[in-house]
Every structure is written in C-alpha cells, then in structure tokens.
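Subject: Structure handover

Hi,

Here is the structure I promised you. Please open it first, then read my notes below.

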Amino acid sequence: MTAHAIEVDGLVKLFHPRGRPPLRAVDHLSFAVRPGSIFGLLGPNGAGKTTTLRVLTTLTRPTEGTARVAGFDVVASPLEVRRRIAVVIQQQAADLLLTVRDNLASYGRFHGLSGATLQARSARAIEQFGLEECAASKVQDLSGGFRRRVQVAKALMVSTPVLFLDEFSTGMDPLLKRSVMALLREESRAGRTIVLTTQVLTEAEELCDDILIINRGRQVARGDLHALKLLSGGVYELTLTFDEVPAGLAAEVAALGPLRMETTRTTLQVSLKEDEQQVLALVSRLAARGTVRRVEVSGASLEDVFVELTSLEEA
Amino acid sequence: MRALPAVMYREARIRATNVLFIFWDAVYPLGYLLVFGVGLDSAVQFGSGAAADYNAFFLAGVLGMASFGIASNTAWSFFLDRDNGIYFEMLTYPISRAEYLVGKVLFNLVVALVQAAITVGLAWLLLDVAVRWEMMPLVALLVVLGTSGWFFFYAIFAVLIRRNDAFNTVTSVFYFALLFASSMFYPLDPLPDSLRAAAWANPITWQVEAMRWATTGIGDGALVPLEIAGFTAFTAVSFAGALAALRKD
C-alpha cells in the first residue's frame with residue numbers, strides 16, 4: 001500500500017498541433033498528495049492544470065514520466081484508477097435528456113450502487129444540492145448553475161477514495177459554493193483525497209491543505225498556504241477608502257509598479273512588494289491626498305503570492 | 001460485470017425519453033418493405049415466372065438496411081454525448097473502453113431484434129413471404145452481428161470526427177455507396193462485372209446474402225459460412241478500430 005494517494009514523477013505531456021511546433025503542456029512535473037488532504041493545483045490559463053488532471057483521470061496518456069492514483073499506474077492500470085476516482089470535469093457534463101434523478105441513478109450504477117443504497121445516496125445528494133424541486137425535470141430544462149449542481153452532486157454521491165474537481169464552482173451561487181466547500185471539508189476529514197483546480201484563489205485559500213502552483217507546465221511553488229506566503233515575503237495589500245479617490249492618485253500608485261491594483265470611485269486597493277517602512281510612508285502620503293474613511297494594511301493573500309510567483313516565472 | 005448493464009441502462013433511459021423514435025425504429029423497415037417492396041414487385045412484375053417474388057427477395061435487404069440505420073443512429077449518439085459534455089466524463093467512469101462500446105450497442109440490439117421480428121412476422125402475414133422459421137436463430141444472430149459490426153464501423157468515425165456535419169456527410173456517403181453497391185435492392189448476377197465485384201467486396205452483401213438464405217432460402221447456402229466468417233472478421237476489425245479511436249481520446 002502506497003503512502004500517497006497520488007504520486008506524479010517527471011510527468012511530461014506534449015501536444016502536436018498541426019502545422020505548429022510541439023506544445024509542452026506539462027514539463028517534468030513531480031508531486032505527491034497525502035491521503036485525505038485537499039490538494040490545490042493552481043496556475044494561470046494554459047499552465048497545464050487541466051492536462052495534469054486529464055492524465056491523472058486516465059483521459060490522456062503522458063508522453064513521459066509516471067503517475068499513480070490510489071496506488072495504480074494511470075497507463076498500466078487505467079481501469080483500476082477509474083474504479084477509485086470520481087471526476088468533475090471543467091465543462092458541463094450531464095445527460096440533458098434525462099431527469100436529475102435519472103442522471104444520479106445512472107451515475108450511481110456505474111459506481112456499483114443499486115437498490116436502497118442508490119435511492120438513499122441519490123436522495124441525499126438531491127437534498128444537499130438543493131435539487132428537490134427539479135429532481136423530476138430534465139437537465140436540459142435547467143439553468144447552467146443547476147446543471148453544474150447535478151454534475152458535482154454526482155461526484156459527491158459516490159465514495160471513491162479520490163475526487164478530482166476541475167473548476168468545480170463555475171456557475172454556482174455563493175451560498176451553494178459555501179455549502180459545497182463545507183461538504184468537501186467533511187469528505188476530506190472522512191479520509192477522501194480531493195484534488196482541485198480553481199481560478200478563484202480565495203476558494204483554494206479556504207479549502208486547500210496543500211497547494212501546487214504551476215506555470216507553463218512546471219512547478220513554480222509548492223506548500224501549504226503559510227509556506228507559500230513566506231515565499232512571497234514583503235508583499236502587502238493596502239486598501240484605502242476615500243470620500244472620492246483623488247484625481248491622479250491611481251496613476252501615481254501605478255508608477256510604483258504594484259503587483260496588482262484596483263480602483264473604484266471611493267476605493268484604492270493595491271498589492272505592493274516593499275519593505276514595511278516604505279509601505280507605511282506610502283500610506284501616510286496617500287492619506288494626505290484626500291479625506292480617508294478607512295485604511296487597511298494586510299499581508300499577502302494567496303492571490304498576491306500567485307501573481308508574484310507566476311509573474312517571476314513569466315519574466 | 002456491473003459496467004455493461006450500467007451503460008445499457010443509460011442508453012435505454014435516454015432512448016425511452018423518445019418513444020416515437022423507438023416506435024419508428026421498430027416499424028420503419030416494415031414500412032419500407034410494404035411501400036417500396038410491394039410497389040416494385042407490382043411495377044416490374046418480379047414474381048411472374050421467377051423463383052421468388054420481390055418481397056421475398058427484398059426482405060433480407062430491408063433487415064440489413066434496418067441494422068445499418070440503427071447502427072449509424074447509435075454511433076451518432078457519441079455526438080450527443082459530446083454535446084452534453086458527458087462524453088469525457090464517461091471516459092473517467094469505472095468502465096473499460098470496450099465495455100463503453102459494447103454497452104452502447106446492447107440496448108439497440110434489443111431494438112434491432114424486435115424490429116426484425118416485427119418485419120419478418122408481418123412480411124409472412126401480410127405479403128405471403130415464405131419464411132423459414134427454423135432458421136430464425138440464425139437470422140437473430142445475423143441481426144446482432146450486423147448491427148454490432150456497422151455500429152463499431154461507424155463508431156470509428158463518430159469518435160474521430162469532431163464535427164456533427166462532417167459525420168453526417170460521411171454517413172451519407174457510406175449510406176449511398178454501401179447500400180447501392182450491394183445485393184440489398186437487386187440480385188447481383190445481371191450486374192456488370194465491375195459493379196458485381198464491388199458488391200461482393202461489400203460487407204453489406206455478405207450480411208444480406210446470409211440473411212436472405214436464412215429467411216427465405218434464396219441464394220447459395222454453401223456461401224453462407226464464408227459470408228458469416230467475412231462479416232465476423234469485419235466486425236472484429238471495426239471493433240478494434242473503434243477501440244483504438246476511443247483510446248486515442
């Protein structure tokens with residue numbers, strides 16, 4: 001029995017687009033995931049997250065390297081891997097002509113559920129995902145958000161040891177997202193390994209015990225949230241709320257080369273990599289430019305870390 | 001062995017959402033036989049002086065055409081799966097690619113068998129076709145083999161081709177070329193040599209000729225084992241091709 005739920009070693013995936021040079025989507029990636037952890041695979045668009053997930057879920061074969069899921073090699077024993085995983089793929093996936101209940105029943109059967117167990121799991125999923133009123137409706141008649149609920153509900157109604165979620169919260173309202181995140185934590189506590197990709201970094205910040213940031217198919221950083229924030233030491237996030245943001249202020253701040261900056265009519269939000277004294281001096285300088293209602297200075301968020309590390313990689 | 005029933009259950013549930021479709025699948029060959037067969041039989045007076053009438057000759061052609069149609073419709077369902085996004089999700093389910101392929105055609109084999117039973121039964125009842133009832137197990141085997149073979153053949157294209165309209169073009173070309181260059185509608189003996197050779201190289205001819213002999217005794221019984229072996233080989237090669245295409249995904 002392996003000590004890791006997932007082991008990836010020297011993974012390379014090349015694509016050969018017609019008329020163009022080969023594309024190295026994953027480039028010698030190695031990592032391992034502890035059983036029962038929530039593992040976040042983060043990176044900008046085109047970083048290789050989905051390709052990595054496609055290899056791990058047996059949808060595509062690696063060009064080089066090995067990957068093992070629940071102790072089984074994805075190339076040598078793909079069916080054994082598939083018996084131990086549930087997957088929420090990035091695009092919407094449901095049988096549109098079937099009802100919500102039939103979708104769940106059909107999915108459950110593939111995973112060996114039947115009879116009373118299938119009924120009970122299906123009923124619980126319907127309740128957990130707020131699908132009671134549309135349980136008898138065909139999925140084609142539901143909104144995009146509800147279709148996504150059905151998709152995630154399917155994956156959570158079975159008890160595979162490993163669960164893969166590719167951008168699971170797309171189209172979900174904030175309330176449902178909260179409750180799904182709570183469910184995921186519960187599943188993880190019960191020993192289920194969860195691997196997720198997301199563009200919503202606050203989700204990863206709240207959920208993941210372990211995070212891998214990749215860019216251009218390569219590892220950029222790896223660790224828990226605390227460790228990643230240490231990698232990005234000296235990043236501060238400033239939020240200044242004015243009666244009205246003074247004219248020219250945004251341009252002045254932009255000239256400092258912030259990692260990230262957002263302005264509204266009344267708020268200036270900026271992430272800077274500076275030493276503490278410089279940050280405080282800047283705060284007092286900016287505050288002198290108008291009537292300040294509120295000042296907030298905090299350490300780096302995962303988003304800051306992500307922006308900084310991936311920008312460094314790009315450079 | 002839970003995978004095959006699971007795939008079959010899903011296909012059945014999807015097909016059951018359109019009862020009219022199932023009804024049409026079950027009766028349209030009979031309609032073809034009644035309209036086309038009877039019309040042609042009367043127009044060319046095939047029956048006068050011939051060993052058999054056109055209805056008897058055409059019965060196997062209609063059965064072959066029906067299995068060809070069911071197979072292409074079933075293969076088209078890959079596009080439905082892809083449009084629904086569920087195609088790639090299904091490839092992560094605990095089923096082998098072979099089970100996915102076989103499961104997909106299983107429910108439609110039931111439809112094909114029902115369709116064949118209705119067609120043969122009513123051809124005997126309404127058109128006085130002298131049916132060899134003792135050969136029905138062989139007819140059933142040929143319906144299963146024919147529908148599976150053509151489904152696997154079409155599945156290769158349905159999996160590899162990403163555009164629905166391109167797939168429709170391919171099926172139209174096959175429909176035209178394979179159906180008319182075969183013994184489905186007419187006997188091969190009066191044809192020019194080149195067309196006859198092309199027809200004998202066509203797996204539809206092997207399927208239809210074997211079915212013709214089994215249903216009505218028309219044709220050369222000595223060739224039937226060869227025709228069945230040829231079509232079985234065609235089915236096996238198509239299955240391997242479809243499997244390779246699925247694995248490529």
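A quick start with one residue. A153(A) touches L104(A), A125(A), Q128(A), F129(A) and L131(A), leaving out residues up to four places away in sequence. Touching means that the C-beta atoms, placed from the backbone, lie within 7 Å.

Some ground rules. This is a predicted model: local features need pLDDT of at least 70, side-chain atom pairs count only at pLDDT 80 or more, and totals for chains, interfaces and linings use all residues. Residues are numbered from 1 along each chain as its sequence is written, while chains are lettered from A and ligands numbered from 1 in the order in which they are written.

Now the core. A nonpolar core is a set of buried Ala, Val, Leu, Ile, Met, Phe, Trp, Tyr and Cys residues joined through C-beta atoms within 7 Å. Buried means 20 or more other C-beta atoms within 10 Å of the residue's own (exposed: 12 or fewer; partly exposed: in between). The largest nonpolar core has 155 residues. V69(A), A153(A), V162(A), F164(A), V195(A), L59(B) and A155(B) touch the most other members. Helix α3 (residues 54-83) of chain B gives the most to this core, 15 residues. Helices are DSSP runs of H or I, at least four residues, numbered from the N terminus; strands are runs of E, at least two. Domain 1 (6-229) and domain 2 (234-299) of chain A both give residues to this core, so it lies between them. Those bounds come from an automatic or database domain assignment. The C-alpha centres of the two domains of chain A lie 38 Å apart.

Last, the contact between the chains. Chain B puts in 18 residues and chain A 23 residues. On the side of chain B, α1(B) gives the most, with 5 residues.

Best wishes

Note on methods
Two residues are in contact if their C-beta atoms, placed from the backbone, lie within 7 Å.
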